Amino acid sequence: MSTIAYKNGVLQMEDVPLEKIAQKHGTPLYCYSARQLTDNFRAYQTALKDVLPQDTFTVCYACKANGNQAVLHLLGTLGAGADVVSGGEMLRALKAGIPHGKIVFSGVGKTAEEIEAAVKNDILQINVESAPELERISAAAVKAGTKTRVAFRVNPDVDADTHEKITTGRSENKFGIDIKSAPALYRKAKDMAGIAPTGVAVHIGSQLMKLAPFAEAFKRIAALVGELRAQGNDIATVDVGGGLGVPYQGETPPDIKKYVGLIRDIIAPLGVHVVLEPGRSIAADAGVLLARVQYLKEGDNKRFLIVDAGMNDLMRPALYDAYHAILPCVEPAPNAATVKYDVVGPVCETSDTFRTNMELPQTGQGALLAIMTAGAYGASMASTYNTRPLPAEVLVGGAAFDIVRPRQRTEDIVAADVIPAWLS
Ligand code: LLP
């Protein structure tokens, strides 16, 4: 059951009316449901436990989807590890209590400092994405007097059939080591003083709504594991990358049992430890962005609802033309007549538009709107464009709700700039 629904005429998250949270903490405001996060994470755990022995998999939540430490802490208590893509995310995960042995570090551009931190923290594995990165990891490990566990993130050249900007597994994408050159590099890695090669990793893209690309990528990975083993390598782990897509507009995502079935059928027979890195499917529908209508602006042939959230708070519509459902926080009467609105933010760009021609019962200044499915890649991608402070974030649990990140203070943004002495 959804944790966000109308009850007694108002939109609630778990047991709390969203209006109550907005009144207490202001808008724009991200709200996350602890129960939904829990249910979403458990859906993976349960499906996996049904088909794989308990200690043969680790769900490493992709922190980039929503790296709030309250979210990470909650997932950590449920047994999650973390997939991180920067030193900052690694620090967040560790501070939130995720064990170092459950952290994987992905990304094409890890700096020497980030690699040194990963080596020092003795994380589960670094997913290496290029030959020069491998050299850098080895050097850092040798300097630290250790060997670092490294999985090869390979690029299987599979089209994920998702938005072009979030496709990562085609040969023309910057990600991963070309699958054909992986065996030679793996052989080399075995002889590098600081490297303990542990296995392979793959991630072909995000918001996947079909299983076939996963199946194709997994098959190519299984074949690679066979080839690497034939070469005399130990392959202990396979990291299958990000998770399933989510419905933003009533679409039907693949069934989690069928997805896990692919892992059982294609990856598990390899006898490896399986790492998964889902992000969106855990956080997206657990979050909303609350925005208050500031003005109703009647144009010649348009009605604009100008809200106080902007593209800096939720970039997805501007960046990917992404659709997010928008619900009024007061439940419309069942047969209420509707009017067409463009829901827009205050930022000085036309791309700062959440929706055009949206049918809504007549509304106006002061109305509270919930921009749905905003728990993943919402707050984590927010910026201070137009010198707008990063929004506050709240975690709801039953009837309780608390700030998990205070609204950034405008003074702090402004105070950070430095005018050099030589200018004056
Ligand atoms: N692992 C790796 C290596 C990744 O690059 C990603 C996402 C994930 C895991 C998590 O994938 P998920 O389970 O969330 O699909 N900002 C975009 C999404 C970018 C995804 C980048 N990588 C959006 O808002 O749609």
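Predicted model: local features only at pLDDT ≥ 70, side-chain atom pairs only at ≥ 80, totals over all residues.
**Where the ligand sits**
- The ligand is found in the largest pocket.
- Around the ligand there are 18 residues, and the closest are S206, E277, R316, Y320 and Y377.
- Both domains take part: domain 1 (4–32 + 284–415) and domain 2 (34–281) each supply at least three residues of the shell.

**Polar contacts of the ligand**
- S206, one of the closest residues, has an N or O atom in its side chain that is 2.5 Å from an oxygen atom of the ligand.
- For G243, a polar backbone atom is 2.8 Å from an oxygen atom of the ligand.
- On its own the ligand has 590 Å² of accessible area, and the protein covers 92% of that.

**Backbone features**
- Most peptide bonds are trans, and most residues other than glycine have a negative phi.
- T27 and P28 are joined by a cis peptide bond, with omega about -5°.
- P28 lies in the loop that runs between helix 1 (18–25) and strand 4 (29–33).
- N357 is a residue other than glycine with a positive phi, near 50°.
- Strand 18 (residues 353–361) is where you will find N357.

Key:
Residues numbered from 1 in each chain as written. Heavy atoms only, no water. Near = heavy atom within 4 Å. Polar contact = N/O pair within 3.5 Å; in protein donor to acceptor, adjacent residues only side chain to side chain. Areas by Shrake-Rupley, 256 points an atom, 1.4 Å probe, with all protein chains shown as cover. 1 Å grid on protein atoms, 1.4 Å probe; cavity = no way out; pocket = protein on both sides within 12 Å on 5 of 7 lines; lining within 4 Å. Sits in = over half its atoms within 2 Å of the grid points. Domains from an automatic or database assignment. Helix = DSSP H or I, 4+ residues; strand = E, 2+ residues; numbered from the N terminus.
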